[in-house]
Amino acid sequence: MAPMEPSTPAAPGREPSSPIRLTKQGHASVRLEKDGRALVIDPGGFSEQEAALGADALLVTHEHADHFDELRLRAAMEANPAAEIWTPRSVAEQLSGAFPGRVHTVGDGDLFRAAGFDVEVHGELHAVIHPDIPRVTNVGFRVDGSVFHPGDALTVPAAPVETLLLPLHAPWSKLSEVLDYVREVRPLRAYDVHDGLLAEQGLAVYERLLGPGGPGTAGAGHERLAPGESVTLTR
């Protein structure tokens, strides 16, 4: 395993030292900003071309192309010589030779500090798409004891989650699972990610069913951000 940036482990549920600005990028990608630094998660092939640019740290949950785009990551690393990547081995092996010492392999239970954010790693495998399709490694990232991005799995961290980045729609999921996942995690709020395969009609259906017009999320606030839209996260 490549060496990771030294850190003090984040305390579960600890309030971030500064507010976090969350920006939705295309499909599964988000940008988190705090104290003038930026951390980007999953700037894959369905996100904007520039999704990874300007990042001080990049987290990639797994190797599928809608989450991992090698050219986008290389462009970000070349534009910022101080930028680093944290990701499972299957992705790290494709990048570490070009950026020695800047690509870190992580797995379930790891703790590290990236661009001023404390990050915990949760989960091990991608959700089952079909028994005929081999499962790949997939990890989720819990950032500053507050924001959780599960990648392509319905991983429930063994620690509180204030803001859940909810994989809304995928070949491996169905609505009942998505809804029950929010209820099990019990976040204060959930923002949709992994919605790039849905047209506006489909997005409206999911929004209604997860909101007051449907079974609902049992108390968790649920919102959909358009690509490029931002919110400032507070307790």
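Q: Where does His-27 lie?
A: His-27 lies in the loop between β1 and β2 (30-34). Helices (H or I, at least four residues) and strands (E, at least two) are DSSP runs, numbered from the N terminus. This is a predicted model: local features need pLDDT of at least 70, side-chain atom pairs count only at pLDDT 80 or more, and totals for chains, interfaces and linings use all residues. Residues are numbered from 1 along each chain as its sequence is written, and side-chain values use heavy atoms, with hydrogens and water left out.

Q: Is His-27 buried or exposed?
A: Start with the cut-offs. Buried means under 20% relative accessible area, exposed over 50%, and partly exposed in between (1.4 Å probe, protein chains only). His-27 has 3% relative accessibility, so it counts as buried.

Q: What is the phi of His-27?
A: Most residues other than glycine have a negative phi. His-27 has a positive phi, near 60°, and is not a glycine. Asp-42 also has a positive phi, about 55°, although it is not a glycine. Asp-42 sits in the loop between β3 (37-41) and β4 (57-59). Its relative accessible area is 0%, so Asp-42 is buried.

Q: How do β1 and β14 pair?
A: Strands of a sheet pair through backbone hydrogen bonds, either parallel or antiparallel. Two strands count as paired if DSSP finds at least two bridges between them. Here, strand β1 (residues 20-24) pairs with β14 in the antiparallel sense, over four bridges. Look at Arg-21: it stands opposite Thr-232 in β14.

Q: Which residues form the covered face of β14?
A: In a regular strand the side chains alternate between the two faces of the sheet. Strand β14 (residues 230-233) has Val-231 and Leu-233 on its covered face. Ser-230 and Thr-232 are on the uncovered one.

Q: Which residues does Thr-23 touch?
A: Contact means heavy atoms within 4.5 Å. Thr-23 is in strand β1. Leave out residues up to four places away in sequence: Thr-23 then touches Ser-29, Val-30, Arg-31, Glu-33, Gly-228, Glu-229 and Ser-230. Thr-23 is buried, with a relative accessible area of 11%.

Q: How many residues are in the largest nonpolar core?
A: In soluble globular proteins, nonpolar side chains tend to be buried together. A nonpolar core is a set of buried Ala, Val, Leu, Ile, Met, Phe, Trp, Tyr and Cys residues joined through side-chain atoms within 4.5 Å. The largest one here has 26 residues. Those with the most contacts inside it are Leu-22, Leu-32, Leu-39, Leu-59, Phe-112, Phe-117 and Phe-141. Strand β8 (residues 117-122) gives the largest share, three residues. Now take Leu-59. Beyond its neighbours within four places in sequence, Leu-59 has contacts that include Leu-39, Trp-86, Phe-112 and Phe-141.

Q: What is the strand order in the open sheet of seven strands?
A: The order is β7-β8-β9-β10-β11-β12-β13, with mixed pairing. The edge strands are β7 (111-114) and β13 (221-223), and each pairs on one side only. For angles, axes are lines fitted to C-alpha atoms, for helices over the stretch in contact, and angles run from 0 to 180 degrees between N-to-C directions. Neighbouring strands of this sheet are turned by 25° against each other on average, direction ignored. Helix α3 (residues 175-185) packs on the sheet and touches β10 (147-149) and β11 (163-167). The direction of α3 makes about 165° with that of β11.

Q: Which residues of helix α1 are buried?
A: In helix α1 (residues 70-79), they are Arg-72, Leu-73, Ala-76 and Met-77. Seen down the axis, they fall within an arc of 130°, so they line one face of the helix. The arc is that of the directions from the helix axis to the C-beta atoms. On the other side of α1, Leu-71, Glu-78 and Ala-79 are exposed. The buried residues pack against β4, β5 (84-87), α2 (89-95) and β6 (103-105).

Q: With which side chain does Arg-113 make a polar contact?
A: A polar contact is a pair of N or O atoms within 3.5 Å. Within protein, one must be able to donate a hydrogen and the other to accept it, and residues adjacent in sequence count only if both atoms are side-chain atoms. The side chain of Arg-113 makes such a contact with the side chain of Asp-118 (3.0 Å). A polar atom of the Arg-113 side chain also lies 3.3 Å from the backbone oxygen of Gly-116. Arg-113 is in strand β7, and is partly exposed, with a relative accessible area of 30%.
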